[in-house]
Amino acid sequence: MKKLKKSSICLLLVLLIVGSLSACGKKEELPESNTSTDSIPQGNEVHKDVITIGIDNEPNSYHPYNATSTSGDKVFDFIYDRLVYTSFDGSFSPRLADSWESSDDGKIIKFHLNPNVKWHDGEPFTAQDMVFAAHVGTAPESTVTRRSYFSALDGTDDSGVCNDFEKLGVVAVDDHTLEYHFKNPMAESTFLSIDAQRYYPIPYHILKDVPMSEMEKSEYWQHPIGTGAFIFDNMISGESITVLANKDYFLGTPNVERVVFKPMSTANYSAALMSGELDCVIDDVPLSDLSLLESTPGIVAESRPSMKYTYMTINCEKEYFKDVRVRKAFSMAINRSEIINQGLYGNGILAVSPLNPDNPYFNKDIAVDPYNPNEAKKLLEEAGWDFDREITFVSYNTNVAREAATLIIQQNLADIGVKVKIQMVDWPTLIVMAREGQSDLSILGGAGSLDPDDSRVLMQPNGAQNFCNFTDSRYYELAQRGRNALTTEEKMEIYKEYQQLLYDEPTYIWLYHDNAAPVYKDTIQNIPADDFIHLNFKAHEWTFTE
């Protein structure tokens, strides 16, 4: 297997698991962020009027609990806030919360909120706003996609639904003290790096009288407010999203007046950066363009390690995919090395699970490339596959690497006799089709995390992010056990078994872990590019030399 260019990610992960499970009952130490700024020497800083940022897709909604992908989080991070800031090395630092601690039994985490936080309309932010956000996320009549992030809380069922808010494990002790109560002991690092990363505040004072069944449709989401460093200004679908500096931001006024996000195909990023149309790309530029950008004066570009993963979904609702031999055959037919070489230009490693091979929780017993087309064809024949059947692979062309992977997979499957028709759609349509079982195959991915709990939401039967539409509960039950385990040794054993199941009886077909490649002008300083993998951008601290 090709290894990541920076092996330091392995050390960071080891340090994380050694320290992450010992926090119960202790005051959280707030480490200084070791964020890499990748900036040119400081000096001659200026206040910028506007910067433009490239993103591959615009949010499907500005309702943060109804987002269909992390594309929305890239914009949300500028407008809203979260309880803590997560750095690349797995450390946490204050954001909405000044400090936090866990109970001795690991079943309560208490947050002490910053008393200076205000909503963009000037109203004080309080613990009640986070309680209300949890109500929106868990109400049975709410239309949300991220309900599973609440499923560890007292008062919710396994899907994250709460039928009685009086029993919901989110408590406003007072205006600036917030508690989360869990059904089972929860490792602090797991909660902070997984669930809490999706907990955005919602203004109780504005939306408290909106019925939960009408929340998604509220006109409020056309012009939402937050507590973040930037204030939503306007959106022109397919063209731009504009946010304005929050002069009263509690962590400091941004050094730029206006940020304009420009949705565009990733294939256009490099030309837009070199022409000056874009100042920054917080997604990843096509890795085929990386060497060109690295040699371009005035641009900072580097391939960086990440925890990301890309996978192919198989619609397990279809009768012809219920035989595990068919799904194993599809996995064995795919030449992942060819995808990495042609689609990623070598900037990645093949995937056999959602965990990067450098993750200490990775099951080394499955660290073998599954590629074996001859055996794949035999398995299909044994399973009685109809070689006259044509299946549909739904993909999209705003991500160059995934478009290349789609074409390579089509040819790989053709090589074992499977007829595949590609249907190109836009990103929001792809998500809907995969979720509603309107495709045979599709290609998606995740941002990943230092914590192995990240992929659990993909495994939940009937969950909004179960893009393979399978109902076998074994995968989710194992992931839940891993999440609830409090010792490193117990987690290791459970996640080893979890990955073995994913390998032996695949539903998702794991393809590759691609390196991250955010790119920006060298006139932007103090930019925490390494932290982008956690969808944390700290844009209020960016500085500019021109």
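**Pockets, cavities and helix packing**

The second largest pocket holds about 360 Å³ of space. This value, like those that follow, comes from a predicted model. The lining of the second largest pocket is made up of 20 residues. Nearest the centre of this pocket lie E58, P59, N60, S61 and M235. By residue class, the lining of the second largest pocket consists of seven nonpolar, nine polar and four charged residues.

Cavities were searched for as well. Over the whole structure, six cavities of 30 Å³ or more were found. The volume of the second largest cavity is about 70 Å³. Its lining includes M307 and Y309, together with P354, L355, N356 and N359. Also lining the second largest cavity are G448, S449, D451, P452, D454 and S455. Five of the residues in the lining of this cavity are nonpolar, five are polar and two are charged.

Helix packing was examined next. Two packed helices are described by the angle between their axes and the distance between the axes. Helix α8, which spans residues 324-333, packs with helix α10, residues 373-383, at an angle of about 160°. The axes of α8 and α10 are 8 Å apart. Because angles over 145 degrees count as roughly antiparallel, α8 is roughly antiparallel to α10. The crossing of these two helices, α8 and α10, is left-handed. On the α8 side, the contact involves R325, V326, K328, A329, F330, M332 and A333. These residues meet P373, E375, A376, L379, L380, E382 and A383 in α10. The contact of α8 with α10 comprises ten nonpolar residues, no polar residues and four charged residues.

A second pair is formed by helix α13 (residues 474-484) and helix α14 (residues 488-504), which pack at an angle of about 160°. In this pair, α13 and α14, the axes lie 9 Å apart. The helices α13 and α14 are therefore roughly antiparallel to each other. Where α13 passes α14, the crossing is left-handed. From α13, the residues R474, Y475, L478, A479, R481, G482 and R483 take part in the contact. Their partners in α14 are K491, I494, Y495, E497, Y498, L501 and L502. Eight residues of the contact of α13 with α14 are nonpolar, one is polar and five are charged.

Notes. Residues are numbered from 1 along each chain as its sequence is written. This is a predicted model: local features need pLDDT of at least 70, side-chain atom pairs count only at pLDDT 80 or more; totals for chains, interfaces and linings use all residues. Side-chain values use heavy atoms; hydrogens and water are left out. Axes are lines fitted to C-alpha atoms, for helices over the stretch in contact, and angles run from 0 to 180 degrees between N-to-C directions. Helices (H or I, at least four residues) and strands (E, at least two) are DSSP runs, numbered from the N terminus. Angles under 35 degrees count as roughly parallel, over 145 as roughly antiparallel, 65 to 115 as roughly perpendicular and the rest as oblique. A crossing is left-handed if the near helix is turned anticlockwise from the far one by less than a right angle, and right-handed if clockwise. Contact means heavy atoms within 4.5 Å. Ala, Val, Leu, Ile, Met, Phe, Trp, Tyr, Cys and Pro count as nonpolar, Asp, Glu, Lys and Arg as charged, and the others, Gly among them, as polar. On a 1 Å grid over the protein atoms alone, a cavity is a set of points where a 1.4 Å probe fits but cannot get out, and a pocket is an open set with protein on both sides within 12 Å along at least five of seven lines; lining residues have an atom within 4 Å of a point. Grid points are joined across faces, edges and corners, and a volume is the space filled by probe spheres set on the points.
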